Amino acid sequence: MTTRLAVEGATVTYRQPGRGVLTAVDGVDLEVGAGEVVGLVGESGCGKSTLARAVCGLEPLAGGRILLDGEPIGRLGLRSRPERLRRIQMVFQNPYASLNPRRRVGAQIEDGRRVSAGEAPSVVELLESVGLEASAASRYPHEFSGGQRQRVAIARAMAAGPELLIGDEPIASLDASLQARVAALMRRVALERGASLLFISHDLAVVRVIADRIAVMQAGRIVEQGPAEQVWADPQHPYTRRLLAAIPIADGLGRLPVV
Amino acid sequence: MTALPAVRRRSLRLPVAWRRPAAIGGAVVLLAWIVIALLDPVIGLQGPLQRDVEVALQAPSAAHPFGTDELGRDVLARTLWGVQASLPLAVVLVAGSLVIGSLLGAVAGYLGGVVDEVIMRIADLVFAFPTIILAMVVAAALGPSLANAVVALLIVSWPNYARVMRALVLGARGQEYVVAGRLLGAGPFTSLRRDVLPNVSAPMLVLAMLDFGNQILLLAGLSFLGLGAVPPTPEWGSMVADGVEQFSSWWLATFPGLAIFSVVVAFNLIGDSLRDALDPRIAGAVQGSSL
Amino acid sequence: MSGLEIRGLALELGGRRILDGVDVDVPAGQVTGLAGESGSGKTMTGLAVLGLQPAGARRSGTIAYDDGKVRVPNLLDLRPGAMNRLRGRRIAMVFQDPTASLQPMLSIGTQLTDHMRRHLGLSRAAARTRAAELLERVRVPSPEAALRRYPHQFSGGQLQRVAIAIAIACDPEVLIADEPTTALDVTVQAGVLRLLRELTDDLGLAVLLVTHDLGVMSAVADTVAVMRDGRVVEHGSRYQVIREPRTAYARELVESLPRTPPPGTGEGSA
């Protein structure tokens with residue numbers, strides 16, 4: 001499998017007034033192969049979202065480098081994003097903030113189609129691929145539920161024909177009954193269009209179902225990574241074990257999760 | 001792409017704003033003044049400049065409902081003609097400072113860095129002086145005329161808009177849909193025009209509405225100080241100024257003063273209602289209100 | 001029965017019927033789960049019980065309250081003053097976001113002692129002592145020092161423990177918890193769930209737990225009510241609702257969850 005995204009010793013720091021420097025991402029190594037789905041799991045503040053933003057060029061690196069198809073990803077400054085990097089697209093956490101409230105859904109997906117390198121599927125095809133009707137294109141974001149908006153956001157990202165799709169906690173704001181469904185949808189549309197998927201979530205139970213490989217992040221570092229089933233069934237790092245033990249399983253047995 | 005069924009674009013929800021009694025009242029007053037401005041030449045009232053020293057300084061009567069001034073000019077005619085100076089100039093002032101201030105504020109907020117520093121420090125410089133004093137200085141330097149008064153007021157008014165716009169853009173810039181647009185290749189100006197400005201325009205519009213009254217008062221103030229309208233042009237501010245000199249003839253200052261008052265109140269009522277109508281918490285739906 | 005008995009609770013807001021006859025029992029010493037998707041009315045049920053429904057909403061039905069000493073045949077008939085005395089004293093609440101439900105400008109000590117002094121008539125010193133005991137009860141480390149700190153100085157999990165301490169300060173009989181762990185990390189959530197269960201068992205609280213997370217439900221709830229469109233569509237024991245749901249909707253909810261073998265056991269690594 002060829003490597004699509006390579007993160008090599010990436011470090012991102014924030015200067016906090018009066019409290020010195022905070023290292024949000026601390027020398028992370030991570031690879032995502034072509035057509036691979038990698039789940040990045042960790043709790044709030046572990047640096048997983050910062051890493052996602054860095055991959056998109058939204059955060060400057062204090063050390064290390066991030067490569068897409070072997071070429072380094074520069075920081076997205078004030079100029080428009082170079083064409084090469086538009087092949088990385090992101091689906092954000094908050095479905096209520098990730099769509100422009102004053103533009104029709106169709107126009108927003110159209111933005112994505114315009115930057116597509118190859119043959120872009122039509123807006124209708126894109127909407128259908130995420131399980132929405134063609135008529136959705138002429139409506140405004142507020143007419144949709146949270147789950148539907150997230151589908152629109154996925155369609156918009158896929159319209160650009162990305163090689164790498166990043167989901168930054170894309171299911172965290174959704175109802176539990178929708179989470180697994182939307183996550184599976186993301187995996188399906190990404191793979192159908194030949195994109196790799198970096199799926200970031202705090203929910204190991206969902207990530208396990210859709211990811212080929214899982215990386216577990218704690219305090220800015222990746223403490224464990226491996227095939228999804230192996231990490232789930234036979235976790236090596238104590239933090240991974242704690243994380244797994246704390247997941248409440250809906251088995252109706254009344255087992256309290258371990259602290 | 002298939003043809004999309006036409007859907008009426010959700011406008012700024014003006015109909016809701018108009019349904020409020022305060023807004024209707026304000027709109028009626030304003031409309032009345034606009035009609036008066038248009039009809040002034042038609043009504044055929046005694047011309048505002050026509051002097052008749054015989055009847056100088058007469059109290060309100062049937063012939064002169066608002067009385068006459070020291071040159072025997074009809075105060076009613078002058079008050080009604082005065083709207084032709086005040087209202088269009090207020091529109092120019094508000095539109096001008098809205099455009100200049102919004103542009104500079106948006107650029108400062110979106111680009112940040114040196115651009116932001118330069119624009120906002122200039123704005124601070126203007127803020128450092130009391131508005132009317134600075135306007136006086138500028139107007140005095142340019143020479144008294146209505147056009148110069150407008151320029152002076154534009155110079156002192158834009159920073160207010162720039163500051164609010166900058167804050168709004170700073171807030172909107174980090175929104176996920178703006179970032180998503182940038183990831184899809186939008187440059188800063190496309191992003192600003194397409195994703196940021198439409199979503200911050202509502203509060204700016206309200207600000208402008210509430211500023212109308214302010215601008216009319218400032219303009220009247222400059223005229224009052226002899227830095228705006230040059231006699232004999234009828235302008236409310238300068239009429240009030242003349243009236244104050246003739247203290248025993250109360251009607252000279254009262255009627256143009258009431259005219260200023262009515263327009264200022266009208267704009268404020270409309271502005272208030274517009275703010276309520278555009279407030280997402282009240283108008284709902286914009287941000288997808290839940291239960 | 002000791003606890004709450006909700007019968008035919010309906011709530012209308014702006015011509016829309018948001019609750020359409022909710023029947024739920026919330027007995028003492030048990031956690032009653034209220035499950036459902038967003039918009040199903042589960043949060044509104046909790047708010048309606050507390051009398052905190054949005055302005056302009058009309059409630060009907062009965063909510064009977066009984067703790068052995070005090071009996072109220074229908075909370076909906078109480079006047080606002082009487083409801084105020086009941087709320088916080090006998091019926092307490094915990095919300096989803098502790099950073100939003102605690103006043104940022106007041107120290108934890110002030111927020112903990114304030115309503116104890118009002119509801120229980122304790123002196124300042126006595127309230128302070130009890131506040132420290134409460135923080136210890138919910139396992140906030142170094143309670144004495146914690147009383148002097150402000151909400152922003154705590155982590156989300158600690159803050160939710162503080163919010164629970166405030167809720168149980170006046171020895172309430174009923175606790176309404178609306179998504180109390182949804183904003184928390186999973187390892188922190190585990191601790192708060194244990195605390196909730198422990199308080200229910202030790203203090204004999206009647207807990208109404210509102211959550212969309214069936215995993216949480218399965219861990220702490222004794223009975224589960226599934227809501228949809230303002231109505232309870234299924235109400236039964238935890239095991240029955242999750243393992244053998246009778247209605248198609250409840251089955252759908254359970255089946256939408258990722259199928260997971262217990263983690264860390266070597267199962268499912270085929």
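How much area do chain A and chain B bury between them? In this predicted model, the figure is about 3,000 Å², with 57% of it on carbon and sulfur atoms. The contact draws 36 residues from chain A and 30 residues from chain B. Three residues of chain A stand out. A:Leu78, A:Arg102 and A:His142 supply 24% of the area that chain A buries against chain B, more than any other three residues.

Charge pairing was examined next. Between chain A and chain B the count is 1 salt bridge. The side chains of B:Arg194 and A:Asp111 meet in a salt bridge, at 3.5 Å from N to O. Polar contacts link 11 residue pairs between chain A and chain B, counting pairs with both residues at pLDDT 80 or more. Several elements of chain A build its side of the contact. Strand S6 (88-91), helix H2 (105-115), helix H3 (123-129) and helix H4 (146-159) of chain A each supply at least two residues of the side that touches chain B. H2(A) provides the largest share, 4 residues. By class, the side of chain A that touches chain B holds 16 nonpolar, 10 polar and 10 charged residues.

Chain A also meets chain C. Here the contact takes 34 residues from chain A and 39 residues from chain C. Chain C and chain A bury about 3,100 Å² between them, 60% of it on carbon and sulfur atoms. The salt-bridge count between chain C and chain A is 0. Polar contact is present across this interface, in 15 residue pairs with both members at pLDDT 80 or more. On chain C, helix H8 (186-203), helix H9 (214-220) and helix H10 (238-243) each give at least two residues to the side that touches chain A. H8(C) gives the most, with 9 residues. The side of chain C that touches chain A comprises 16 nonpolar, 14 polar and 9 charged residues.

Attention then turned to the nonpolar cores. In soluble globular proteins, nonpolar side chains tend to be buried together. The largest nonpolar core has 53 residues. Within this core, A:Ile109, A:Ile154 and A:Ile214 touch the most other members. Leaving aside neighbours within four places in sequence, A:Ile154 is in contact with A:Val91, A:Val130, A:Val182, A:Leu185, A:Met186 and A:Val189. Another core, of 52 residues, lies apart from the largest one. Its members include C:Ala35, C:Leu102, C:Leu159 and C:Leu195.

Technical notes: Residues numbered from 1 in each chain as written. Chains lettered and ligands numbered in written order. Predicted model: local features only at pLDDT ≥ 70, side-chain atom pairs only at ≥ 80, totals over all residues. Heavy atoms only, no water. Contact = heavy atoms within 4.5 Å. Buried area = accessible area lost by both parts, 1.4 Å probe. Salt bridge = Lys/Arg side-chain N within 4 Å of Asp/Glu carboxyl O. Polar contact = N/O pair within 3.5 Å; in protein donor to acceptor, adjacent residues only side chain to side chain. Nonpolar A, V, L, I, M, F, W, Y, C, P; charged D, E, K, R; others polar. Core = buried A, V, L, I, M, F, W, Y, C linked by side-chain atoms within 4.5 Å. Buried < 20%, exposed > 50% of the residue type's maximum accessible area, 1.4 Å probe, protein only.
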